Amino acid sequence: MKLVGNKWDEILDEEYHKDYFKKVVMFINKQYKEKTIFPPKNYILRALSLTDYDEVKVVILGQDPYHGIGEANGLAFAVNNGKRLPPSLKNIYKELYNDLKIPISDKGDLTCWAKEGVLLLNSILTVEKDKPASHRNIGWEMFTDAIISKVNEKDDPVVFILWGAFAKSKEKLITNPRHLILTSSHPSPFSCNYGFFGSAPFSKANKFLRDNGKKEIDFTVK
């Protein structure tokens with residue numbers, strides 16, 4: 001079954017054929033016909049299509065897509081260019097500047113990071129308009145947990161960046177000692193001052209990649 005169009009299809013083929021995933025697909029197809037669902041249907045697996053399995057160097061975990069019109073583009077924490085930057089993304093850019101002195105961008109699309117090897121993965125891949133977490137527990141979490149587990153199996157060292165309690169709950173899936181896990185509070189305005197600011201995840205990720213003979217990520221938002 002070809003849903004992504006790269007090696008992820010081979011890696012996830014077993015998941016595609018499980019009953020829970022077939023039920024997710026049926027539910028989602030019905031939802032897109034009857035309601036306003038984000039991101040656009042062809043962007044549901046965009047994080048995987050932009051960052052192929054063998055190219056993954058860093059994983060940043062989000063929870064679910066933004067639920068406003070024209071915002072979600074299939075990448076965790078990102079919004080389409082031209083949309084107002086969400087508070088969490090603004091704080092990510094502030095920490096990026098404090099950490100690596102990369103200028104704060106007014107662009108919300110993080111496709112450039114995805115092409116550098118950053119898998120920007122939401123745990124829940126779709127959402128109904130104006131209803132955050134509306135597709136929780138329909139089966140997406142099982143699928144994205146499988147994705148995390150498959151990255152965990154990689155021989156190449158990977159950095160997992162887990163911001164906030166929800167992302168940290170996935171730490172149990174990361175058992176391979178080759179990998180680096182970086183955790184802090186969430187970048188949202190409610191928690192950014194409790195460990196996110198000053199956590200320097202970008203420089204730590206690049207140091208780990210460099211120490212393991214990997215090319216660093218260019219975190220400049222282009």
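The following conversation concerns a predicted model of a protein.

Visitor: Which secondary structure elements are there, and how many?
Guide: The protein in this predicted model has six strands and nine helices.

Visitor: How does its radius of gyration compare with the globule rule?
Guide: The radius of gyration is 17 Å, close to the 17 Å that the globule rule gives for 222 residues, so the protein is as compact as a globular protein of that length. Along the principal axes, its C-alpha atoms fill a box of roughly 45 × 40 × 30 Å.

Visitor: What share of the residues counts as buried?
Guide: Of the 222 residues, 53% count as buried. The protein exposes about 10600 Å², and carbon and sulfur atoms supply 51% of that area.

Visitor: And how far apart are the mean positions of the charges?
Guide: The mean positions of the 33 positive and 28 negative charges are 4 Å apart.

Visitor: Let us turn to the backbone. Where is there a cis peptide bond?
Guide: A cis peptide bond joins phenylalanine 38 and proline 39, with omega at about -5°. Proline 39 belongs to the loop between β1 (37–38) and α4 (46–50).

Visitor: What is the phi of alanine 133?
Guide: Alanine 133 has a phi near 60°, a positive value in a residue other than glycine. This alanine 133 sits in the loop between β4 (127–128) and α7 (140–152).

Visitor: What about alanine 200?
Guide: Alanine 200 is not a glycine either, yet its phi is positive, at about 50°. Its loop runs between β6 (180–184) and α9 (201–211).

Visitor: Is alanine 200 buried or exposed?
Guide: Alanine 200 is buried, because its relative accessible area is 16% and the cut-off for buried is under 20%. Alanine 133, at 24% relative accessibility, counts as partly exposed.

Visitor: Now asparagine 122. Where is it, and what does it touch?
Guide: Asparagine 122 is in strand β3 (residues 118–122), and it is buried, with a relative accessible area of 7%. Leaving aside residues up to four places away in sequence, asparagine 122 touches Gly62, Gln63, Asp64, Pro65, Leu75, Ala76 and Thr144.

Visitor: What does its side chain reach?
Guide: The side chain of asparagine 122 reaches the backbone nitrogen of glutamine 63 at 3.3 Å.

Visitor: How far is proline 65 from asparagine 122, in sequence and in space?
Guide: Asparagine 122 and proline 65 are 57 residues apart in sequence, and their C-alpha atoms are 7.0 Å apart in space.

Visitor: What share of contacts across the protein joins residues at least 24 apart?
Guide: Among contacts between residues at least 6 apart in sequence, 65% join residues at least 24 apart.

How values were computed
Residues are numbered from 1 along each chain as its sequence is written. This is a predicted model: local features need pLDDT of at least 70, side-chain atom pairs count only at pLDDT 80 or more; totals for chains, interfaces and linings use all residues. Side-chain values use heavy atoms; hydrogens and water are left out. Helices (H or I, at least four residues) and strands (E, at least two) are DSSP runs, numbered from the N terminus. The radius of gyration is taken over C-alpha atoms; the globule rule is 2.2 Å times the number of residues to the power 0.38. Buried means under 20% relative accessible area, exposed over 50%, partly exposed in between (1.4 Å probe, protein chains only). Contact means heavy atoms within 4.5 Å. Accessible areas come from the Shrake-Rupley method with a 1.4 Å probe; for residues, only the protein chains shown count as cover. Lys and Arg count as positive and Asp and Glu as negative; His and the chain ends are not counted. The place of a charge is taken as NZ of Lys, CZ of Arg, CG of Asp or CD of Glu. A polar contact is a pair of N or O atoms within 3.5 Å; within protein, one must be able to donate a hydrogen and the other to accept it, and residues adjacent in sequence count only if both atoms are side-chain atoms.
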